Amino acid sequence: LFRSAVGLFDSFTMNPIAKPILLVVDDQPINIQTLYQVFKDGHEVFMATSGEQALKFCTETLPDLILLDVVMPGMDGHTVCTHLKADPRTHDIPVIFVTAHNDPQEETIGLQLGAVDFISKPINAAVVRARVHAQLTLRRTLREVQELNENLEERVARRTTELEQALDSLQQSRDELAH
């Protein structure tokens with residue numbers, strides 16, 4: 001990747017790279033505002049104040065990463081994460097729990113539910129940015145590997161078909177020569 005005078009471009013295709021989409025889910029507006037301020041410049045930041053809103057958002061737009069509060073009225077973060085991981089469309093979206101809990105058992109539960117990280121409030125902006133960046137880099141890399149695998153599988157299938165046709169043609173020629 002490199003930055004040009006007009007923005008960020010993919011070094012292979014020269015296509016502009018879209019800003020990553022983050023979904024911040026928290027019932028406290030101050031927490032949402034804090035995370036928005038941390039990420040507004042380099043990301044598209046969307047906000048939800050409940051688990052229900054977060055799940056609805058994900059049916060319409062697939063975020064690249066979700067920053068999810070654990071303790072919320074109604075549907076808590078654990079339930080939201082469970083729903084996300086059970087849905088084939090959203091199961092691979094990285095979820096980072098952001099919570100006031102500083103309990104190793106809480107962290108373990110979150111990770112067992114499928115979260116990729118656990119950040120305690122109050123947040124340290126530099127640490128949160130670094131952790132989000134690491135997860136977005138990992139997600140982008142995994143997507144690239146999947147695309148390369150799909151392309152390779154297509155090429156192998158195409159080449160296999162070509163070889164099978166050549167083998168059939170060779171067999172026909174052999175049969176004609178035998179007659």
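Buried here means under 20% relative accessible area, exposed over 50%, and partly exposed in between, using a 1.4 Å probe and protein chains only. The model is predicted, so local features need pLDDT of at least 70 and side-chain atom pairs count only at pLDDT 80 or more, while totals for chains, interfaces and linings use all residues. Residues are numbered from 1 along each chain as its sequence is written, and side-chain values use heavy atoms, with hydrogens and water left out.

The sheet comes first. Helices (H or I, at least four residues) and strands (E, at least two) are DSSP runs, numbered from the N terminus. Two strands pair if DSSP finds at least two bridges between them. On that basis, 5 strands make up an open sheet with parallel pairing, in the order S4-S3-S5-S6-S7. Strand S4 (44–48) and S7 sit at the edges, each pairing on one side only. From one strand to the next, the twist averages 20°.

Strand S6 (95–99) is mostly covered, with 5 of its 5 residues buried. Val-95, Phe-97 and Thr-99 point one way from the strand, Ile-96 and Val-98 point the other way, and all are buried. On one side, 3 bridges join S5 to S6 in parallel, and Leu-68 has Phe-97 as its bridge partner in S6. S6 is also joined to S7 by 4 bridges, again with the strands running parallel; here Thr-99 is partnered by Ser-120 of S7.

Two helices lie across the sheet. Angles run from 0 to 180 degrees between N-to-C directions, with axes taken as lines fitted to C-alpha atoms, for helices over the stretch in contact. H1 lies across S3, S4 and S5, and runs at about 170° to S4. Helix H2 (residues 51–60) also lies across S3, S4 and S5, running at about 160° to S3.

Then there is H5 (residues 125–178), a helix of 54 residues. From first C-alpha to last it reaches 79 Å, close to the 80 Å expected at 1.5 Å a residue; the expected span is 1.5 Å times one less than the number of residues. Val-128, Val-132, Gln-135, Leu-136 and Arg-139 are buried in H5. With contact meaning heavy atoms within 4.5 Å, the buried residues of H5 pack against strands S3 (21–25), S5 (65–68), S6 (95–99) and S7 (117–120), and against helix H1 (29–39). At the start of H5, a side-chain oxygen of Asn-124 comes to within 3.0 Å of the backbone nitrogen of Ala-126.

Two loop residues deserve a look. A polar contact is a pair of N or O atoms within 3.5 Å; within protein, one must be able to donate a hydrogen and the other to accept it, and residues adjacent in sequence count only if both atoms are side-chain atoms. Asp-26 is placed in the loop between S3 and H1 and is buried, with a relative accessible area of 2%. What does the side chain of Asp-26 reach? A polar atom of that side chain lies 2.9 Å from the backbone nitrogen of Gln-28. Side chain to side chain, Asp-26 makes polar contacts with Lys-121 at 2.8 Å and with Asn-31 at 3.3 Å.Not counting residues up to four places away in sequence, Asp-26 touches Asn-31, Ile-32, Ala-48, Thr-49, Asp-69, Met-72 and Lys-121. Asp-26 and Asp-76 are 50 residues apart in sequence, and their C-alpha atoms are 9.7 Å apart in space.

Ser-50 is found in the loop between S4 and H2. The side chain of Ser-50 reaches the backbone nitrogen of Gln-53 at 3.1 Å. Leaving aside neighbours within four places in sequence, Ser-50 is in contact with Val-25 and Met-72.

Finally, the cysteines. The structure holds 0 disulfides, a disulfide being a pair of cysteine sulfur atoms within 2.5 Å. The sulfur of Cys-58 has its closest cysteine sulfur in Cys-81, 11 Å away, which is too far for a bond. Cys-58 counts as buried at 2% relative accessibility, and Cys-81 counts as buried at 0%.
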